[in-house]
Amino acid sequence: MTKSYLDAAIEIAQDAGKVLIEEMTRPLDLHYKGDEVDLVTQADKRSEKLIVERLTKYFPDHAIAAEEGTGHESASEFRWHVDPLDGTTNFAHGYPCFCVSIALAQRNALLAAVVFNPVHNELFTAARGEGAALNGKKIYVSSNATLSTSLLCTGFPVHNRKGNPNLQYYGDFTQQSHGVRRDGSAALDLASVAVGRFDGFWEFGLQKWDTAAGVLLIEEAGGRVSDFAGNPYQLGGPVILATNGLIHEEMRAMALEISRRTSSAPPHSPAKR
Ligand code: IPD
Ligand code: CA
Ligand code: CA
């Protein structure tokens with residue numbers, strides 16, 4: 001049952017990826033959602049159109065939550081979380097670090113996940129209880145057990161930039177590790193934890209479509225995902241901490257220490273968009 005959902009998501013993500021590659025060679029059709037930082041391109045819209053139409057054709061009863069707003073509600077307990085182009089700012093500047101992210105949840109349980117990087121032709125997949133894979137080969141989180149020898153990643157959402165406490169965390173984690181990358185695609189960042197390229201990732205204010213696929217990838221690859229308090233991460237929660245499991249408590253302790261020290265850090269306040 002789950003397998004056919006995953007197969008559908010793979011087919012659709014790969015076709016959406018072709019749209020993104022095609023759009024890279026065309027003149028940029030750029031618009032702003034609100035202020036001059038939250039970008040949306042023709043590529044986001046075309047990719048979402050393809051994904052929503054195809055999911056609706058295959059699973060007409062299912063609900064679809066898609067970033068650009070063309071999904072639909074339904075009475076079904078199945079819900080697809082769709083980010084048609086994760087890394088829009090990168091895409092708009094020709095920086096080739098972006099992906100398509102599609103995940104299926106039944107009530108609150110993630111069942112299937114696909115993150116597809118069409119530039120490198122990397123297809124990350126996971127199905128609940130069946131493990132995670134990159135281009136069909138099983139993947140696992142890293143075995144690095146100390147923060148000081150870890151490579152980390154984070155991100156800075158475009159909305160509510162002034163209210164985001166992350167600069168302090170970025171600086172402190174940079175000093176305590178091999179470094180903190182900021183690649184600009186949360187779904188790819190999470191997939192990179194699942195495949196062991198990064199040992200840990202955190203970010204404030206991510207949306208469900210940013211994290212749904214990546215969370216299942218990490219869980220199925222043997223990692224751990226929580227909030228800073230150590231509670232299981234809820235999709236759309238104010239902060240996500242995703243690691244190989246081994247450095248989780250060390251990162252969590254440091255994050256709590258930073259939040260205690262910095263008066264401006266509200267790690268448990270809800271994300272606004
Ligand atoms: C963004 C990227 C980025 C993250 C932002 C997201 P988008 O998604 O994942 O890495 O820092 O919070 O909004 O807008 O490119 O789909
Ligand atoms: Ca996104
Ligand atoms: Ca997006």
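Author: Contact here means heavy atoms within 4.5 Å. This is a predicted model, in which local features need pLDDT of at least 70, side-chain atom pairs count only at pLDDT 80 or more, and totals for chains, interfaces and linings use all residues. Residues are numbered from 1 along each chain as its sequence is written.

Reader: What makes helix H5 a helix, and which strands does H5 lie across?

Author: Helices are DSSP runs of H or I with at least four residues, strands are runs of E with at least two, and both are numbered from the N terminus. H5 covers residues 186-194 and lies across E10, E12 and strand E14 (239-243). Its direction is at about 155° to E12, where axes are lines fitted to C-alpha atoms, for helices over the stretch in contact, and angles run from 0 to 180 degrees between N-to-C directions.

Reader: Why are E10 and E11 called paired?

Author: Two strands pair if DSSP finds at least two bridges between them. E10 (residues 151-154) and E11 have three bridges, in the parallel sense, so they count as a pair. Leu152 has Val180 in E11 as its bridge partner.

Reader: Why is one side of strand E11 left without a neighbour in the sheet?

Author: The open sheet has the order E11-E10-E12-E14-E13. E11 (179-181) and E13 (224-226) are at the edges with a single partner strand each, so each has one side without a neighbour.

Reader: What makes strand E5 largely enclosed?

Author: Buried means under 20% relative accessible area, exposed over 50%, and partly exposed in between, with a 1.4 Å probe and protein chains only. Seven of the eight residues of E5 (99-106) are buried, so the rest of the structure largely encloses this strand.

Terms used
Chains lettered and ligands numbered in written order. Heavy atoms only, no water.
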